[in-house]
Amino acid sequence: TGNAQNKKLNSKVPADKQNTILAVVLSDLASKDVCGKPEWAEKEVYVGSIIKRQFANNEMQLSGFVLKAADDTRTYINLDSDYIDGRAASASSDLSDFLTKGRHIKVWVYRCRRILYAYRIKEVLRSK
């Protein structure tokens, strides 16, 4: 009944408004300061499918995900939950609903040495 409850709550917000909020969140997921200093953040891009999601200790907030590229390499990408929560009241839950297993995405990240933080995500439609 949790999903039915969520759908009922989401139905009160027009779909175009939900999509607008999500689009804003997906285009600004982290600050360059995530690495400590802006100049330490190296930009990279990854494309692949989400094969696993990782949640914070509260089991509700998405903290990152594993992306599988076409060559079968797997990369763990973190989400800056504190920054995302500051974007919009529904940002964290909207993002969790969007980043589902199997979704094919392009992710722009800030690399902080060996740790990656997503700062922009876009769905990529697969060609058949």
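The structure is a predicted model, in which local features need pLDDT of at least 70 and side-chain atom pairs count only at pLDDT 80 or more, while totals for chains, interfaces and linings use all residues. Residues are numbered from 1 along each chain as its sequence is written, and side-chain values use heavy atoms, with hydrogens and water left out. Helices (H or I, at least four residues) and strands (E, at least two residues) are DSSP runs that are numbered from the N terminus.

**Strand pairing**

- Two strands count as paired if DSSP finds at least two bridges between them.
- Strand 1, which covers residues 42–55, runs antiparallel to strand 4, residues 104–112, and eight bridges join the two; within this pairing, Glu42 stands opposite Arg111 of strand 4.
- Strand 1 is also joined to strand 2, residues 62–68, by six bridges, and these two strands run antiparallel; here Phe55 has Leu62 in strand 2 as its bridge partner.
- Strands 1 and 2 form a hairpin with six residues between them, and in the turn Glu59 has a positive phi of about 65 degrees.

- Arg87 and Asp28 meet through their side chains in a salt bridge of 3.4 Å, taken from N to O; Arg87 belongs to the loop between helix 3 (81–85) and helix 4 (91–98), whereas Asp28 belongs to the loop between helix 2 (15–26) and strand 1, so that the pair links parts of the chain 59 residues apart.
- Glu44 forms a salt bridge with Arg111, with 2.7 Å between the closest N and O atoms; because Glu44 lies in strand 1 and Arg111 in strand 4, this pair ties together parts that are 67 residues apart in sequence.
- Glu123 and Arg103 form a salt bridge in which the closest N and O atoms are 3.0 Å apart; Glu123 is in strand 5 (residues 115–123) and Arg103 is in the loop between helix 4 and strand 4, 20 residues apart.

**A linked group**

- Lys68, Asp72 and Arg74 are linked with one another in a network of salt bridges.

**Accessibility of the partners**

- Partly exposed describes a relative accessible area between buried (under 20%) and exposed (over 50%), computed with a 1.4 Å probe on protein chains only.
- Glu44 counts as partly exposed at 24%, and Glu123 counts as partly exposed at 37%.

Methods. Salt bridge = Lys/Arg side-chain N within 4 Å of Asp/Glu carboxyl O.
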